[in-house]
Number of protein chains: 4
Amino acid sequence: MNHDSNDTQKRKLTGEEIAKHNSRESCWVIIHGRAYDVTEFLPEHPGGPKIILKYAGKDATEEYEPIHPPDTLDKYLDKSKHLGEVDMKTVEKEEKEEDPDEEARQERIKKMPILEQCYNLMDFEAVAKNVMKKTAWAYYSSGADDEITMRENHNAFHKIWFRPRILQDVEHIDTSTTMLGTKVDMPYYVTATALGKLGNPEGEVILTRGAKKHNVIQMIPTLASCSFDEICDAREGDQCQWLQLYVNKNRDITQRIVQHAEKRGCKGLFITVDAPQLGRREKDMRSKFSDVGSNVQSTGGDDVDRSQGAARAISSFIDPSLSWKDIPWFLSITKMPIILKGVQCVEDVIRAIESGVHGVVLSNHGGRQLDFARSGIEVLAEVMPVLRERGWQDRIEIYIDGGVRRATDIIKALCLGAKGVGIGRPFLYAMSAYGLPGVDRAMQLLRDEMEMNMRLIGARSVEELNPTLVDVRGLSMHSAPVPRDTLGMNVYDPLIGPREKSKL
Amino acid sequence: MNHDSNDTQKRKLTGEEIAKHNSRESCWVIIHGRAYDVTEFLPEHPGGPKIILKYAGKDATEEYEPIHPPDTLDKYLDKSKHLGEVDMKTVEKEEKEEDPDEEARQERIKKMPILEQCYNLMDFEAVAKNVMKKTAWAYYSSGADDEITMRENHNAFHKIWFRPRILQDVEHIDTSTTMLGTKVDMPYYVTATALGKLGNPEGEVILTRGAKKHNVIQMIPTLASCSFDEICDAREGDQCQWLQLYVNKNRDITQRIVQHAEKRGCKGLFITVDAPQLGRREKDMRSKFSDVGSNVQSTGGDDVDRSQGAARAISSFIDPSLSWKDIPWFLSITKMPIILKGVQCVEDVIRAIESGVHGVVLSNHGGRQLDFARSGIEVLAEVMPVLRERGWQDRIEIYIDGGVRRATDIIKALCLGAKGVGIGRPFLYAMSAYGLPGVDRAMQLLRDEMEMNMRLIGARSVEELNPTLVDVRGLSMHSAPVPRDTLGMNVYDPLIGPREKSKL
Amino acid sequence: MNHDSNDTQKRKLTGEEIAKHNSRESCWVIIHGRAYDVTEFLPEHPGGPKIILKYAGKDATEEYEPIHPPDTLDKYLDKSKHLGEVDMKTVEKEEKEEDPDEEARQERIKKMPILEQCYNLMDFEAVAKNVMKKTAWAYYSSGADDEITMRENHNAFHKIWFRPRILQDVEHIDTSTTMLGTKVDMPYYVTATALGKLGNPEGEVILTRGAKKHNVIQMIPTLASCSFDEICDAREGDQCQWLQLYVNKNRDITQRIVQHAEKRGCKGLFITVDAPQLGRREKDMRSKFSDVGSNVQSTGGDDVDRSQGAARAISSFIDPSLSWKDIPWFLSITKMPIILKGVQCVEDVIRAIESGVHGVVLSNHGGRQLDFARSGIEVLAEVMPVLRERGWQDRIEIYIDGGVRRATDIIKALCLGAKGVGIGRPFLYAMSAYGLPGVDRAMQLLRDEMEMNMRLIGARSVEELNPTLVDVRGLSMHSAPVPRDTLGMNVYDPLIGPREKSKL
Amino acid sequence: MNHDSNDTQKRKLTGEEIAKHNSRESCWVIIHGRAYDVTEFLPEHPGGPKIILKYAGKDATEEYEPIHPPDTLDKYLDKSKHLGEVDMKTVEKEEKEEDPDEEARQERIKKMPILEQCYNLMDFEAVAKNVMKKTAWAYYSSGADDEITMRENHNAFHKIWFRPRILQDVEHIDTSTTMLGTKVDMPYYVTATALGKLGNPEGEVILTRGAKKHNVIQMIPTLASCSFDEICDAREGDQCQWLQLYVNKNRDITQRIVQHAEKRGCKGLFITVDAPQLGRREKDMRSKFSDVGSNVQSTGGDDVDRSQGAARAISSFIDPSLSWKDIPWFLSITKMPIILKGVQCVEDVIRAIESGVHGVVLSNHGGRQLDFARSGIEVLAEVMPVLRERGWQDRIEIYIDGGVRRATDIIKALCLGAKGVGIGRPFLYAMSAYGLPGVDRAMQLLRDEMEMNMRLIGARSVEELNPTLVDVRGLSMHSAPVPRDTLGMNVYDPLIGPREKSKL
């Protein structure tokens, strides 16, 4: 086959030629007008071979685009497999089957609420759920196992109630603070989330622009759809960015990534420590399955289908052997402050302090990794009293993420001792539904809520938020009520209000 | 334009003339048969310019009436903008579009349950929800953010259970008590609620008459639809009224209001301290949006729509810088007892006592301000043991409001140490649905419940209500159950009762 | 009118004559073929005048029968108002309006499940709900206010869990015990419930026969539909009955009732102490209202309709001034053991012991009196540790009632220290649906459950039931979860199981 | 009739002959081509006579097969009643009535999801519920009384949350452990469940094969559909099996069973101690009733129908007098380690240790025996701290079963101190829906979950699982929320998200 690839460097390939290589034995695909021989790569594809075989001999650009950063093929497919340009006029345009789901989605898009009808962060999610592609929605919205931790993340805030102070002269409210030395206008940052192009063709740079406008920090994800440099290039002025890092088994690659980020001006290194393996997310798996399922035969347990949704598709390159022993090395290769993202109990916060890192994010990865991991806010309430008892509360900066939807959630975290909170999915949903204006409005709404609620709680500035302003007695209780007695419940005849006249 | 206004003092304006001023550049409106030039006022309108522009060049009376006290235009619009009388015969009657929602509402009004079918305060709310205009309902019924505090207010009473005493000779039950020195027949008062004309064209004076009949106190709201003097004038005999006060930035205005109220015979000054800024109520905002939304274009985040429902429309004139330092001044300008309305934790009750005021209302403003503020009844259970320990329980009178719907709720509050409770929305709903007879019946039902339940708890008089009669162990727990496992729940096959014969 | 009544003693009255007296001014009714002049009685009727006026000039037998014991007219209407026999052939048969509700009920009766399909006590309730007249169902099934205590009664048992013992040789299970000295086969009794004929034309004597068959005690209600003597007469052999007593203001009447009961062989006197006034039950009031509502005009608050359902209709003759001072008198007029029924806190149990009575029933009247009264089982868990600490646990017999539906409920009560439990509504429902066979099966099912569950808990006899067999830590917690965040809940996309093939 | 049975040894019986014996007076049935006279056996049939009479004079094989092990007739019906072979050609094929339920089931089977769509153990249950016969589903899925314990079993795991450790080098995860000395690949075993052929015609041997493939232990049930030897014969290589034992009143039979099992290589004897009587399972009873109900007449309480579903049908032969005194005898008749299955409180665990047995299973029989028995996991949390305090934690092996559905459930049990967990129903459902491939995939999914979650919790091996990794503070709370206020709930107007444009 090598002679083919040499040959095609001189002339364009035709659709007809490529169409012949449509099997597991010889599998070519077209991406952005160029052909690639992926036959040997099939078994290595993190997303499984099936999804590639669906496009064998065909143009795979549309499917490929949103979940692979632009430099993927150069990085991971040997040059000899790059077959060269394709004369796209000769490629048969596949008549798309009519897809009633997609048609219904297009109808919903036509009737989308206008942006001003969104009054809170949940509203963006409601719109996004209606207008996003199902697989994209499934990837963003899914969580681990039964998604109990995912839901608990926001739920936990409901167990914290306020003890507001009155008559405090709250005419002027200052919501600004500093994070790792950077002054920001609001005590949250845009946390790292993968595959931004699933929601918007421009991807993560939209978040960069939104963050600039509201002077908050963006954390750049390792698994962005845009390349790292594209996201850096979108930065304006003295805008601050951080890097979220999945640590590669090959530490040379990791070192290169870290030092490149530092050179490009990143001001913080957030090492993800709660994902030695990317989580199983069944909603995502089920959605992916539907996509490739039609030509799948029922098979026995021996041949379990390993294609498991977008979540697993991007899961290579994460080193499960990462350990506390690696921390000194990280401290040695960069001057950026180092923060461990995904710490989940007080013992590990203490160990983090002892290891010399500069901060921790109390997080369970948005409920996407371990189900029944506790919420960040609950862990915070466990951590701070212990640190205060030791006098260690100022030795590192503590952040939380997960489930933040309201300014009251942010205030609760700050009262308990967090330096700030990370917000991820809500901005993805705002971006997916409305692009940059959506992100802008989401941030504006947060600011409006923040000022109002600080005023109502009687705190003029972030410094005035303190533990006496909250009642957290219910926070650590994980109660699941006794299952209901359905016979008794069914026979109960609920009270009703007055009936209409005609029904007397 | 000035010559116009002079001219129109001699002759009546015509509809045609006014209709020309239908834009942001020149905006006239007709109210109660007189024209006003509001062009310059547009940007200052607390309710936003959009709602005015909807009526530019037209008669706005119907929309204006229920949410502005009669003296509004005189007070806030310069005389030069009062253009004079309009010849209403020349004003084109706008053919109202058929509004299916309104038609359905008129149908529901025809089938309204008769008053005798209302057996408790919730029943009035059920009827009012059906027969009120949607925007009016939205204004009355909405709460802050997720409305969790609003619902918690009544919910909290469900966590308090009785420990009744038997064999107490309860033939004669005396429900009377005194509040700030006034003898009343029942231990509740009609608390201040804004915009009464949204529910009934006569407005707050209906509540005045109901309160008289049942010998309870009415608290007059700053933001009433009726003017303060109208409400005072409706008083009969030695009927007692209090004044609820939003403190204006201009203390001269505030002083004038307070001293006028004292002169008119008000017997208590309730200073609202939980609303340095009026709350965001999304139900209200969404309802208002629908109203003006049709001619709104989708816009980017830069141009966020600021028209935010009736709640924000009345929010000017409240001083967010009000602080403890202002209390001595208030004590100096009036002899009325001063009560802080909206205290929310024991520390502030202690401070209130130290500041020399005569009472506090433990309240979260009906759940309309800060979501996750605790209920008044819960704060009461926190406050009283601390006061008793200090021997301070009699130094001030303590009231609560929020969520009171049953006489048992009142009894619980009194057992815990409250002098009385405020009830607001339920009387608004009774008034909106049935006018004065509704308010009368609501009060009668409360009295019936009160006598019965005092008898059943074994207390002959308000004095006999005490903490040993209630079990409050569950009160302070804010539990939110673990999110449910939907896969497991869905697969459970609930037990069913015996089936009909034919289905065997 | 007197001459009429004299006259009619000689000849029969005609329907035509009676039909003339059809107004508030002159109101005659026919009952069991005899006419009565109730004009003067109208305002005194405990059930209100409206329900009588509905039958003015007509035959009221059908409505009258089930809710008045046979001797009512003789007792309460002056002889001069007894107008004598009516020639029933001359009375116009009222054509009953077709009542779609009643027709639907008759259809449901045709399809009634057969008795063997009832496997537990809830099943009888499910059937009864379907086949009973709506007003009768409303009277039996209703509770106070929001019916929260009524539901809590059974609910509370759900908070008690077992700690069973294994390997106990449970071949022979003995469920018998003694109550007030009488040997019974099961540790429950049939507690007093009013108006048995609403459910079955034979009334309470059916319960007498069922109790005999299963050798358990029946408590005879003051407000039975059958007369006291009818119920006594239905007794067989050495069957044991108790008397439930509402104390009349006229102590002579009370003394007569008590001493008559003792003479007729009653073995226990249960004085109701939780009902100085009969409860408001809104379900019952609403159901009654529908019945008489059609000719009612909407009226103002001044003229509140006082006809308030079957519950209030029977509420006269109860003395609200009954007090601890009356206990010595009761002890003096009878040798029957005296038990206070409706005690609700430990302080009153101690006082009861000190007053010399022989027992208490911890009860809230089936949730029909005071809403938010605690369940009997919860009060029991409060009482027993205090008595045991004083060594008083054997000084009286302690019973509970309310919410007992399963043998496990009975076992829980006995483990905590109750001598036995009262069961009321379940037998009424069994009787209403299936008559005596229903009651018999209900009791048989309870026995089956009892033997099985004592075996499974490892207790061979009632004596072996003790507090170490139950875990009651959750019992006293009255938790009401934080209201849910509807925006967040609505946007959550619940996990679903695998879909059918065709839906892929 | 004896001459008949002799006679038929020479010639085949005809369908016509058998059809004559179709009554209670003379009842013959055909099973597997042979006729049996069961007239005298009718009253002894554990499943009641009705179900046999339904097949009197007919071929009963299809009904008989799945719920009787092959050797049943030889064991329990006297040889004289074995009437000999039947000429099946002469037996009228009963035209099965069209059964719309069965037709709908066949339709659902056609559309069954393919195996790869099952991503967790609940998914198999969802499929099984759809494709199993209703009576089989009812037998497998039913629990005691209100099925509250059955649901609590899984529910209880939801009250335990993780405290994961980060940075632990979790590249290699070892899920293996030992149970009673046998090395296994996963810390669970396939626990004993009855009547496997209800789900799959091959029965329990499918579980044997699945267990072999994944190197886990199978516990052989006394009440298997396959005979004990069939299940032993299905064993391969050094595969390990245990025996679950219901103890027969006749200890000779028991001794024979135990010693035969030891001879056949069983490595553990699990004596069931939580079932002195088999539980009432109303779902099962109701399902059985529907089956035989059509020719049943409504009868009084005297003649209670005793046919009570598959659960009771197999309930003979269990000795309720089994007690602690029997333990030494068991220890004397076998060298297999002895484990008590169904221990439910710490007192009995201590007694078990003192009695010299080798292990306990903390279990409530899958919620099928005593409702309100606590979950195994909750009892484990009660037991281990007491044992550790005594230093007894290694004196026996402790297992739990009930409600295990996720690897996180297993991990929680191991963290708290269990040696392993039993899993029953999930494998039955996998087998019923998909046969051996289903069981295989279920086990593979558990392994995938196990590795991932151990990695995420930071534990490399089973030994590293320990109590500091879990938060169990909520576990022992049995909370049942206060019943809801339906009037208040109904009148609340829930918040909604933004509406579609056309609806403005």
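Through which surface do the copies, chain D and chain B, meet? They meet through the same surface, because 100% of the interface residues of chain D are also interface residues in chain B. This is a predicted model, in which local features need pLDDT of at least 70 and side-chain atom pairs count only at pLDDT 80 or more, while totals for chains, interfaces and linings use all residues. Residues are numbered from 1 along each chain as its sequence is written, and chains are lettered from A and ligands numbered from 1 in the order in which they are written.

**How chains D and B are related**

**Where chains D and B touch**

- This contact takes 27 residues from chain D and 27 residues from chain B, two residues being in contact if their C-beta atoms, placed from the backbone, lie within 7 Å.
- On the side of chain D that touches chain B, at least two residues each come from helix H7 (121–131), helix H9 (148–155), helix H13 (282–292) and helix H20 (486–491) of chain D; helices (H or I, at least four residues) and strands (E, at least two) are DSSP runs, numbered from the N terminus.
- H7(D) supplies the largest share of that side of chain D, namely four residues.
- By class, the side of chain D that touches chain B holds eight nonpolar, eight polar and 11 charged residues, where Ala, Val, Leu, Ile, Met, Phe, Trp, Tyr, Cys and Pro count as nonpolar, Asp, Glu, Lys and Arg as charged, and the others, Gly among them, as polar.

**Where chains B and C touch**

- Chain B gives 54 residues to this contact and chain C gives 58 residues.
- Two or more residues of the side of chain B that touches chain C come from each of helix H9 (148–155), strand S5 (161–162), helix H19 (425–457) and helix H20 (486–491) of chain B, and H19(B) gives the most, with nine residues.
- That side of chain B, touching chain C, divides into 21 nonpolar, 15 polar and 18 charged residues.

**The barrel of chain D**

- In chain D, eight strands close into a barrel in the order S8-S9-S10-S11-S12-S13-S14-S15, with parallel pairing; two strands pair if DSSP finds at least two bridges between them.
- Strand S12 (residues 338–343) and strand S13 (residues 359–362) of chain D run parallel and are joined by four bridges, and the bridge partner of Val343(D) in S13(D) is Leu362(D).

**Individual residues**

- Thr486(C), in helix H20 (residues 486–491) of chain C, counts as partly exposed with 19 C-beta neighbours inside 10 Å, since a residue is buried if 20 or more other C-beta atoms, placed from the backbone, lie within 10 Å of its own, exposed if 12 or fewer, and partly exposed in between.
- Leaving aside residues up to four places away in sequence, Thr486(C) touches Pro494(D) and Leu495(D).
- Most residues other than glycine have a negative phi.
- Phe372(A), however, is a residue other than glycine with a positive phi near 75°; Phe372(A) lies in the loop between strand S13 (359–362) and helix H17 (376–390) of chain A, and counts as buried with 30 C-beta neighbours inside 10 Å.
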